[in-house]
Each structure stands twice: as structure tokens, then as C-alpha cells.
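Please look over the model below before reading on. My notes follow as numbered points.

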Amino acid sequence: MSVRSLTRIDLRRLILLFTLLTALITLVSSLYVVYRVQKRELIDSALQSNRAYATKVASSIGEFLRNSHEHLAYSADLLAGQLQNEGFLKSEAIRLQGQDSSFNSVAIFDATGKVLEASPQNLQIKGRIFHTEGIVQALHGHQPMVSSAFVSEIGNLVIFISQPIVDKGGQYVGAVGGSVYLQKQSVLHTLISSHFNDVSVQVYVVDSSRRLLYHADHNRIGQVLGPDTAVDAVLGGGRGAMESVDAEGTAMLSGYAYVPDSRWGVICAQSRAATLESLGALMGKTAMAIFPVCLIGFTIICWVTQLITRPLRQLAAAASQLDAVDSPEQINSVRAWYIEAAHIRRALSMGVALMQEKLGRLNRQAQSDPMTGLANRRAMDEALRVLQQTGTPFCAMALDIDHFKKVNDTFGHDAGDVALQAIADVLKRCSRDGDLPCRTGGEEFTLLLPNMPKASAIDVAERLRAMVENTRIDQVGSVTISIGVASWIAQGPPVSVVLKQADELLYEAKKKGRNRVEA
Ligand SMILES: Nc1nc2c(ncn2[C@@H]2O[C@H](COP(=O)(O)OP(=O)(O)OP(=O)(O)O)[C@@H](O)[C@H]2O)c(=O)[nH]1
């Protein structure tokens, strides 16, 4: 941008531009900060609530498993001496399954793995020996166990919770256990889904081999999960929350908790993008709420800018025409309500006064004779022009010092100057207000007498002549003057003719012996 184009920008626009720019930057950065804070808040609160939910579910599962083992242990104690008692086995199996509906089915095995009794009866597995992984794990472990997920003999994906039956001599004689269905309605589903109802949150449970034991999408139960950073974290033990990436590569906000009794992991996760979806709408609402405030702010900025720049604009306008006659009034009428503007106004006002005073002086100097202080020829011509224009009648006197050359030659040029000044003083003293005494040449003077009849002018001329004659002049003594008097009226010839007449009459006076008046 060139300096020329910059100087065309006025202060009001400049202040407005920079203030608005600053306000805009502040507004945008504030909105950005609000956005960042809200985003962090949303993420943190999602992580925290997912962590709390995962912890709750994990603790419920742990409690369920402990209760189940307690019930099975109690049953195993009862069954230890009764494995041959078919009636007892049957009633115990029914009791166990019906007791608190923890298990979808219950089975009692002997030491060889043969099913001695099962509930419900319609399973029809009594007398069979199972080779499924989960049952084999349970029977061979000889200790309280929670199996991995496996597909049961009758095709259900299940886990098997078992307790060994040990006789009084400490001999392993069998096992009692209950299965929990993973894909069908079971106590596990009830436990997990009873705490929470947020559809945007996925809850899933994995075992130590990353197999899904629970998922809202039942078709996925039993799948072994691929890389999922939340699963990695939960199977490491403990609990926490993190921004994770699931098996599909989706960024998630996950809370997780480990179930030590079964070495399972519970994960509650929600999509990061979906969580932050509400942020856009929130920011829109914030912007809409700020808009009226911005509008008010903008109006205030415009008003204040106008208020601040008005005195400066008015002073600048006055400064651009300092030669105007009303310039001082214009400057003084500016309401400079703050200190800088007041200083500028005062400086400008003083500047104008000084300039006008200087101009006046120059003007006066240009129109006056420096030695005598009388008007010079230029001033006289101007006065004659005005008299002619206004049609004012006047008399003109042409005066000349007699034998002035001799004065100079006898007393010196300086003494001659003193004589000239003395004549000028007499002329001033004899003039009324409105008369114009002029020095029109070396030792020549003219006196203009507006609105004076010729007779009166002749009287004045006589008085003047006599006063000069009687005036004592330092070094010189006295001098005499000769005078020619002519008059002008509006209907007469041009003023130049009158001056010429006065000169001719002066010449006449000189010729007739000097020290006299001719009219
Ligand atoms: N001291 C002084 N002398 C001036 C000035 N201007 C003109 N003179 C002198 O005025 C004298 C005019 O002389 P002249 O024109 O011969 O006339 P005069 O001697 O007055 O004779 P008359 O006019 O015929 O009576 C000259 O000697 C000029 O040098 C001035 O400013 N100061």
C-alpha cells in the first residue's frame, strides 16, 4: 500500500478497523477456547462415566461369580456323601438351578466325568460323558473354576462355573457346576444391562483369550477380538479410562475394569466422533447467544469512535483552510473534550492567530512607508480605487519640500530623513480619522481628504503649510513646503486626472515662489 493511499484513510475508519479487528480476534479466540474446554469436558466426562460403569459391571460380575461358587461349594458339601443317592441328586440339582436362577443349567458329575444328574430334566444328558473343553477344564482342575467360553454339547455358547466334590477323606469324587448361556438370556445379560441405559455406550466383556462373552449385538458373542487398545489395557489388569481404537479402527472413549475371579475384562466404550457431535450444536448456540452482545459492542465501538474522532476531524477540516476569514471561530467552536484534542485546538488556534497577525503585519508593511509610517503609493492607489468605486467625493493635496536638495547637501542625508519624518508627523497631526496621508516619492507627499469641500481643504493646506514653516527640526532648523489642492466628485473625470491637477498646481506654487498653496 502506497503512502499516498494510506493518507486517504481517515482516523475514524482506522480506529474502527483496528478495534473491530481486535474484537474479532478476541471473539474468535474466546470461541476457540470455549470449544477446546467443552470438548475436553465432554471427553473427560464420557471417560469418567464409562470407567465408573465398567467398574460397576466388573464388580457385579465378580460378586455373581463369588456367590455362585459359594452356592456350588455348599451344594458340593451336601453331595459329598450322597453321590449314590439318586433322589437326593435330583432334588439337589433342581434346588440349585431354581435357587436364584444364576445358572441356565446345572449338572452333577462323578469322578469319571459322567453326568449323574442334571437340571432342567429336558436336557436329557444324564449318564453321558462330556468331552467339551469347558467341562473337561472344570473336571480336571479339581478346584473351583470358571471355564472359558465354549459351545456346549447341545449347541449353546456357555461358560461353566464349577466346584469339586471331595469326600470326607479328601478324595476327589466328582464335581457340581452350572452353565451360564452367553447368547441367550442369562443372569450375565441381566447383570450387565441392569446398570445402564445409554444406547450410545457399548458394553462388552472379554475373557483372557479376547473372546467376547457379552456384547449388545448377540451375534458377535463368541468372536475373538482383533487389535483393540482398550482390550489390551483391561487384560493387563486393573481399571481405568482411555481414548482407544477398537478392532474396526474407530476412535473410542473407553472405560474398563478387570474381573480378577474370572480374568475377564469389562469395557464400556462410546464413539469419540458421536460424543463430540453435540459440540457443533453447542458452539452454534454459544455463537447465537454472543451475537446480540457483539451487535451492541459493535454499535458502542462505532459511537465511541465517532466521539473520539469528531474533534480531530473538525480540527483537520479547519486546518485545511486556515486562510478562511472565519477560521479562528471554526477552530474555537470545536468541542475538544479530551486533553490531546484540546492541546491541538489550542496550538492550532495560536498558530492561526500568529499567522494572521504576521499576515496583517506583512500587509501593513507592504502598504506603508517604513521611514515615516505613512501610507505608500500602493496604499494610496487602493484608497483611490475605493473612493472611485464608492463614488465618495474627496480633495487631494500634493505636497513637496522646498529646496530639499539643499537641506541634504547642507546638513547631510540623515538630517534630511529627520526633516521628512517631521513633515510626516505634521501631516498625521493635521489629518482627521478617515484622511489618508501618504508619502508618494522621495520628498513628495499626498494627503487624501474624503468628503471635504475644496474650500475646507484649502484651509487645511494653509494650516499645514504654516505648521511646517513653524516646526523646529533637529539639525535642520525649519523647512517650507508648497502645496497643490484639487478636488474630485463622482460625476467628474477619473481620479488620476485629479492627482495630475494637484501635481500641476504644486508645480504652479513652486513657480510662484514656493511656501504657498495653489488651488
Ligand atoms: N534625505 C533624503 N533625501 C531624499 C530622499 N528622497 C529624495 N531625496 C532628495 O530630495 C531631493 C529632491 O530635490 P529636487 O527634486 O531637486 O527638488 P528640491 O531641491 O526640493 O527643489 P524644489 O522641489 O524645486 O524646491 C534630492 O536631493 C533627493 O536626493 C530621502 O528619502 N531622504
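Predicted model: local features only at pLDDT ≥ 70, side-chain atom pairs only at ≥ 80, totals over all residues.

1. Start with the strands around the cavity. β1 (105-110), β5 (157-166) and β6 (172-181) each supply at least two residues of the lining of the largest cavity. β1 gives the most, with 4 residues. Strands here are DSSP runs of E of at least two residues, helices are runs of H or I of at least four, and both are numbered from the N terminus.

2. A word on the model itself. Residues are numbered from 1 along each chain as its sequence is written, and side-chain values use heavy atoms, with hydrogens and water left out.

3. How many cavities of 30 Å³ or more does the structure hold? There is 1. The volume of the largest cavity is about 210 Å³. A cavity is a set of points on a 1 Å grid over the protein atoms alone where a 1.4 Å probe fits but cannot get out, and lining residues have an atom within 4 Å of a point. Volume is the space filled by probe spheres set on the points, which are joined across faces, edges and corners.

4. The lining of the largest cavity comprises 18 residues; S105, I125, F130, S152 and S179 lie nearest the centre. By class, 12 are nonpolar, 5 polar and 1 charged. Nonpolar covers Ala, Val, Leu, Ile, Met, Phe, Trp, Tyr, Cys and Pro; charged covers Asp, Glu, Lys and Arg; the others, Gly among them, are polar.

5. S162 sits in strand β5. S162 has a relative accessible area of 1% and is therefore buried (under 20%; exposed is over 50%, partly exposed in between, with a 1.4 Å probe and protein chains only). Leaving out residues up to four places away in sequence, S162 touches H69, L72, A138, Q143, P144, M145, V176 and G177. Contact means heavy atoms within 4.5 Å.

6. G127 is in the loop between β2 (115-119) and α4 (133-141). G127 counts as partly exposed because its relative accessibility is 44%. Beyond four places in sequence, G127 touches K114 and V115.

Technical notes:
1 Å grid on protein atoms, 1.4 Å probe; cavity = no way out; pocket = protein on both sides within 12 Å on 5 of 7 lines; lining within 4 Å.
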